[in-house]
Amino acid sequence: MWGRNREPKKVEDQFPAKKSVLEWKENERLFQLSTKVQPMDANHSFNGILFPVKVSGLEDLEILSFSVGGELGRVRIYASSSAATNDPQTWELLANEDVPRRYVSIRDSTNEQAYEVKFVKPYRIPTNSERHIYIHVATRGDQGLAYQSFGTHHLKTPIIQDARLAIFAGKAHTSPTPFDESDGWWRAVRGLSGSVRYRAVMRPWTSKTHKEFPPAFQKAVVAILLCKNRPECCLSSIPNELVWDIFEWLDWRSWGEEETNQ
């Protein structure tokens, strides 16, 4: 019996809603990839750098931000599936930010912290694909964005990589106006000094991509289908469409992430 001043607890208070498996898995799978040479120690600086990134593995990636340094001022970050700079309309603007004054000069000994430029929304890159990133600052002069010079082999060999993302060297830009070539020029071979933060996104299973998934997960799918074909199995009464939906939402990473070459 409830007391006079005691209200019964709501059902949701007694049994608080739990995050779905997919939700907490995604929240946990945040990564940061940092270059060996950070902005404070970079050997070049000017208005921008353009460089390719490649995604591999079994997951799509969502790029969330880049951390950079220099006399930044206004920072804009673009992305495109093509490295062509003669048509700015093919580039998607991911960030456009006026950096706080305390981050304006990364080479000042009183400020050794790079500034994280966060995207307006995550930029998704499908696995096994390449995109080009263009980071630009509007500062006039040669003390703008700090970046590093590299050998020509880093045009094909990553300057930094992990199991999912590879970053390559590209070229620097010396104009305070994005994509402009009348008040500046492009110079290779230059690359990122800083870091990128991204989220790994689980790809759903489909019958067409079945062989791209880890062998252990493939075997699990086949085993369930074999069981479903047995009349005495409780799964036999479930519609095929529902079974496909279940496979699609299963977290295949629970079976391990070893890739297959089949």
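The protein chain contains 4 helices and 14 strands, and the model showing them is predicted. Of the chain's 262 residues, 44% count as buried. Contacts between residues at least 6 apart in sequence can be sorted by that separation, and 77% of them join residues at least 24 apart.

In soluble globular proteins, nonpolar side chains tend to be buried together. Here the largest nonpolar core has 38 residues. Within this core, the residues with the most contacts are Phe51, Ile63, Phe66, Ile77, Ile135, Leu165 and Ile167. The element that gives the most to the core is strand 7, residues 115-125, with 5 residues. Another core lies apart from this one and has 9 residues, including Trp205, Phe213, Phe217 and Trp252.

With its neighbours within four places in sequence left aside, isoleucine 167 is in contact with Leu33, with Phe51, Pro52 and Val53, with Pro158, Ile159 and Ile160, and with Leu192 and Val196. Of these partners, Phe51 is also among the residues with the most contacts inside the core.

Next come two of the helices. Helix 3 covers residues 215-228 and helix 4 covers residues 240-249; their axes come within 12 Å and cross at roughly 160°. Because an angle over 145 degrees counts as roughly antiparallel, helix 3 is roughly antiparallel to helix 4. The crossing of the two is right-handed. On the side of helix 3, the contact is made by Phe217, Val221, Ile224, Leu225 and Lys228. Helix 4 contributes Asn240, Val243, Trp244 and Phe247. Sorted by class, the residues of this contact are 7 nonpolar, 1 polar and 1 charged.

Some details of the backbone remain. Alanine 188 and valine 189 are joined by a cis peptide bond, with omega about -5°. Valine 189 belongs to strand 13, which spans residues 186-192.

Two residues other than glycine have a positive phi. For asparagine 128, phi is near 60°, and the residue sits in the loop between strand 7 and strand 8. Phenylalanine 179 has a phi of about 70° and lies in the loop between strand 12 and strand 13.

Note on methods. Residues are numbered from 1 along each chain as its sequence is written. This is a predicted model: local features need pLDDT of at least 70, side-chain atom pairs count only at pLDDT 80 or more; totals for chains, interfaces and linings use all residues. Side-chain values use heavy atoms; hydrogens and water are left out. A nonpolar core is a set of buried Ala, Val, Leu, Ile, Met, Phe, Trp, Tyr and Cys residues joined through side-chain atoms within 4.5 Å. Buried means under 20% relative accessible area, exposed over 50%, partly exposed in between (1.4 Å probe, protein chains only). Contact means heavy atoms within 4.5 Å. Axes are lines fitted to C-alpha atoms, for helices over the stretch in contact, and angles run from 0 to 180 degrees between N-to-C directions. Angles under 35 degrees count as roughly parallel, over 145 as roughly antiparallel, 65 to 115 as roughly perpendicular and the rest as oblique. A crossing is left-handed if the near helix is turned anticlockwise from the far one by less than a right angle, and right-handed if clockwise. Ala, Val, Leu, Ile, Met, Phe, Trp, Tyr, Cys and Pro count as nonpolar, Asp, Glu, Lys and Arg as charged, and the others, Gly among them, as polar.
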